[in-house]
Amino acid sequence: MTAPLLAIENLAVSFRTEEGEVTPVRGVSLQISENETVAVVGESGSGKSVTSFATMGLLPRPAGRVSQGRILFRRRSGDTIDLATAPRATMQALRGAEIAMIFQEPMTSLNPVLTVGEQIAEAVRLHLGYDRRKAWAHAVEMLGLVEIPDAARRASDYPHHMSGGMRQRVMIALALSCRPALLIADEPTTALDVTIQAQVLTLLDRLRRELGMGVLFITHNLGVVAEIADRVTVMYAGEVVESAPVRDLFNAPRHPYTRALLECMPSRATQDATGRRVVRSIPGQVSRVERGCAFAPRCTDAKPVCSVEAPMLESDAGRQTRCLRWRELA
């Protein structure tokens, strides 16, 4: 049986602060295979982006570190390496070539003093060894692949010459320019309007199938998850609270937090006494607790035991759930 492309095992990430060390991500495990999209969802502060930065080796040094667990990546050569302990030179060689990332805001990720074609060509020359002419031709080809019209001309544009949707397409072209095996997309459609968002999602899904990539898609938008993901991992307060195939999770969520997130979707809005459509929200905010279940203070199904006993992540029928009462609530 082929090993997964990426296997995160019991990951914990810690940061040194003036008040002492904090661990915003604890015991996170997930796997991604080739040609598979795994979505990681949760509110801000749940640990999604920290998990992705740890995978890319982009934690701020020296404050941030992987304090526990492994991040196993299967390279094109067939060798498996632990990204959590890989030397900096190895990570620099991998980033862009075999693992790539699309960041949330393209305007702050693209270099404002280089044309978009130059930025793609630079990555290609570094990782693929192309000469200037071949690298530029490849940059134009990549811009065409992400459906930027008149790519040969637009390659000479600077980022500020382009709309937000076009800049996001440039970021996708840059990330895919070396045909990576693993793509990490950190909320790539957050700043886009609904129409452009749908176009970008369709584009990402098509490119994933054409290139056979594994995709780690980070988002807080469950509507996006329904469109693009094969499996879903739900995080809360730095922990995985549920993991399941996308259809199973939407049809029969097990964790109260997952159910609450689904109820917050605009498509599930209800009418109040005046006939207005009301979108539900989850009261309170993400916070860590000293004992018991982290979601208990916000959970409408919580019992006294939930504030005392910390739930373990249980596996059952290809799914994982971290809840003391999930069987009786299912």
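**Aromatic rings.** I began with the rings, and the structure holds 3 aromatic pairs. For a pair, the ring centres of Phe, Tyr or Trp (its six-membered ring) must lie within 6.5 Å; planes under 30 degrees apart are stacked, over 60 edge-to-face, and the rest tilted. I zoomed in on tyrosine 236 and phenylalanine 295, which sit edge-to-face, 5.2 Å centre to centre with 80° between the planes. Tyrosine 236 belongs to strand 9 (residues 231-236), while phenylalanine 295 is in the loop between strand 12 (277-278) and strand 13 (314-316), 59 residues apart. My helices (H or I, at least four residues) and strands (E, at least two) are DSSP runs, numbered from the N terminus. Tyr236 and Phe295 also share one aromatic cluster with Tyr257.

Buried or exposed, I wondered about tyrosine 236 and phenylalanine 295? Both are buried. I use buried for under 20% relative accessible area, exposed for over 50% and partly exposed in between (1.4 Å probe, protein chains only).

**Ground rules.** I noted that this is a predicted model, where local features need pLDDT of at least 70 and side-chain atom pairs count only at pLDDT 80 or more, while totals for chains, interfaces and linings use all residues. Residues are numbered from 1 along each chain as its sequence is written, and side-chain values use heavy atoms, with hydrogens and water left out.

**First hairpin.** I then followed strand 1 (residues 6-17) into strand 2 (residues 20-32): they run antiparallel and are joined by 8 bridges. Two strands pair if DSSP finds at least two bridges between them. The hairpin gets from strand 1 to strand 2 through 2 residues. Arginine 16 stands opposite glutamate 21 in strand 2.

**Salt bridges.** How many salt bridges does a search of the whole structure find? I got 20, taking a side-chain nitrogen of Lys or Arg within 4 Å of a carboxyl oxygen of Asp or Glu.

- I looked at arginine 70 and glutamate 9, whose side chains meet at 2.8 Å, N to O. Arginine 70 is in strand 4 (residues 64-74) and glutamate 9 in strand 1, 61 residues apart. Arginine 70 is partly exposed at 41% relative accessibility, and glutamate 9 is partly exposed at 30%.
- Arginine 75 and glutamate 98 came next, with their closest N and O atoms 3.0 Å apart. Arginine 75 lies in the loop between strand 4 and strand 5 (80-82) and glutamate 98 in the loop between helix 2 (88-94) and strand 6 (99-102), so this pair ties together parts 23 residues apart in sequence. Glutamate 98 is buried at 9%, but arginine 75 is partly exposed at 25%.
- Arginine 327 reaches glutamate 314, closest N and O atoms 2.7 Å apart. I found arginine 327 exposed, with a relative accessible area of 53%.
- Glu147, Arg169, Arg206 and Glu210 turned out to be linked in a network of salt bridges.

**Alanine 229.** I ended in the loop between helix 9 (222-228) and strand 9, where alanine 229 sits. Alanine 229 is buried, with a relative accessible area of 9%. Leaving out residues up to four places away in sequence, alanine 229 touches Thr37, Ala39 and Val246 (contact means heavy atoms within 4.5 Å).
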